[in-house]
Amino acid sequence: MFSKLLKPKALLDEGTTLWLFDTFTWALRNLEGRVFYDETILVTPSNEHFPGTETSAHGMANLIFSQVKEHAGLKHWPTQLTNMAEGRPVESPKIEIKGALRGSKGVVHAGGVGHQLLIAYNPNQLRDSEVLIADFAHVLGHHLGNMSHEPPPGGAENWPHITEVVAVFMGFGLMMANSAHTAKVRSCGSCSGPAVERSNALSQYDITYALAIFCCLKEIPTRDVLVHLKKSLRPFYKKAAREVMNKTEELNRIRANSLPTMQHAHGMS
């Protein structure tokens, strides 16, 4: 009885926590688990992972997008970036990824007009690179998740939530957490521009908990996370990291059931 009284209250409801663990298991089993363990890094909003600059807005968006693709292990995917302000692109054509789905063993595909994923960006988000990076990661998470041969935990109705976890799984948890419920950016009273925001399905705490699972599986020290995480989420992350570390049953289940599938061609529309 006393042990139950002394047990700390869980940070999230049990259903959400189990779903997050199940989603990581699903992603590891379907979306190149070996790449996760051997190549995926914790991407930081820093010059280390996003160096360089460009003279034009579209050039800068292209630079950031190419860096997001590389960190996500999707450098070999055929894509074309378009400016949302110039009109939304037509629906992306069906493409096929041969060889490794993600990572350094991916086979570069020439693509060409009519055989590329069309990715639109909001030029206003260039004023807040973390929001832009998170949006790029989320969109790529959507397309990557579509390559799974197994339905996601909770079914298709949870797809917006699933794709955000996939973005964390690819290494972008810091930007996903930092940009969730982002406040409107105003440069000054007389020259205020449109809001720089990112819509999100999961709460900032759900995303931060998913980040803790990622870092636990990757054995990334808490101090390496906190330096880049927004201050308001740091206390929650510390508790989440401790809670995840103590969930040995869930962690063992992930490790026992996350063997990657055999390599084969993946088609997606």
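How far apart are the end C-alpha atoms of helix H9 (residues 234-246), and what should its 13 residues span at 1.5 Å a residue? The end C-alpha atoms of H9 are 19 Å apart, which agrees with the 18 Å that its 13 residues should span at 1.5 Å a residue. The expected span of a helix is 1.5 Å times one less than its number of residues.

The views below belong to a predicted model, in which local features need pLDDT of at least 70, side-chain atom pairs count only at pLDDT 80 or more, and totals for chains, interfaces and linings use all residues. Residues are numbered from 1 along each chain as its sequence is written, and side-chain values use heavy atoms, with hydrogens and water left out.

**Figure 1. Overview of the chain.** The chain has 10 helices and 4 strands. Helices (H or I, at least four residues) and strands (E, at least two) are DSSP runs, numbered from the N terminus. Along the sequence these elements follow the pattern α-α-α-α-β-β-β-α-α-α-α-α-α-β. Of the 269 residues, 50% count as buried, where buried means under 20% relative accessible area, exposed over 50%, and partly exposed in between (1.4 Å probe, protein chains only). Among the contacts in the chain with a separation of 6 or more, 77% come from residues 24 or more positions apart; contact means heavy atoms within 4.5 Å.

**Figure 2. Helix H9 and its neighbours.** The buried residues of H9 are Phe236, Tyr237, Ala240, Ala241, Glu243 and Val244. The buried residues of this helix pack against H2, H7, H8 and H10.

**Figure 3. The kinked helix H6.** Helix H6 comprises residues 159-179, 21 residues in number, yet its end C-alpha atoms are only 19 Å apart, short of the 30 Å that a straight helix would reach at 1.5 Å a residue. A kink of about 130° is centred on Phe172; the bend at a residue is the angle between axes fitted to the seven residues ending there and the seven starting there. H6 is mostly covered, with 19 of its 21 residues buried. Just after H6, His181 takes a positive phi of about 55°.

**Figure 4. The packing of H5 and H6.** Two packed helices are described by the angle between their axes and the distance between the axes. The axes of helix H5 (residues 129-145) and H6 come within 8 Å and cross at roughly 150°. H5 is therefore roughly antiparallel to H6. Axes are lines fitted to C-alpha atoms, for helices over the stretch in contact, and angles run from 0 to 180 degrees between N-to-C directions. Angles under 35 degrees count as roughly parallel, over 145 as roughly antiparallel, 65 to 115 as roughly perpendicular and the rest as oblique. The crossing of H5 and H6 is right-handed. A crossing is left-handed if the near helix is turned anticlockwise from the far one by less than a right angle, and right-handed if clockwise.

**Figure 5. Glu130 in helix H5.** Glu130 lies in H5 and counts as partly exposed, at 21% relative accessibility. Glu130 and Ser179 are 49 residues apart in sequence, but their C-alpha atoms are 6.5 Å apart in space. Leaving aside neighbours within four places in sequence, Glu130 is in contact with Pro45, Leu174, Met175, Asn178 and Ser179.

**Figure 6. The packing of H2 and H10.** Helix H2 (residues 14-30) and helix H10 (residues 248-257) pack at an angle of about 20°, with their axes 9 Å apart. H2 is therefore roughly parallel to H10. The crossing of these two helices is right-handed. The contact is made by Leu18, Phe21, Asp22, Phe24, Thr25, Leu28 and Arg29 of H2, together with Glu250, Leu251, Arg253, Ile254 and Asn257 of H10.

**Figure 7. Thr17 in helix H2.** Thr17 belongs to H2 and is buried, with a relative accessible area of 4%. Apart from neighbours within four places in sequence, Thr17 is in contact with Leu12, Tyr209 and Lys247.

**Figure 8. Phe50 in a loop.** Phe50 lies in the loop between H3 and helix H4 (57-72) and is buried, with a relative accessible area of 10%. Beyond its neighbours within four places in sequence, Phe50 is in contact with Val43, Thr44, Ile64, Gln67, Val68, His71, Ile133 and Phe172.

**Figure 9. Two loop residues with positive phi.** Glu32 is not a glycine, although its phi is positive, at about 65°. Glu32 lies in the loop between H2 and helix H3 (33-38) and is buried, with a relative accessible area of 7%. Glu219, also not a glycine, has a positive phi of about 55°. Glu219 is in the loop between helix H7 (204-218) and helix H8 (222-226), and at 69% relative accessibility Glu219 counts as exposed.
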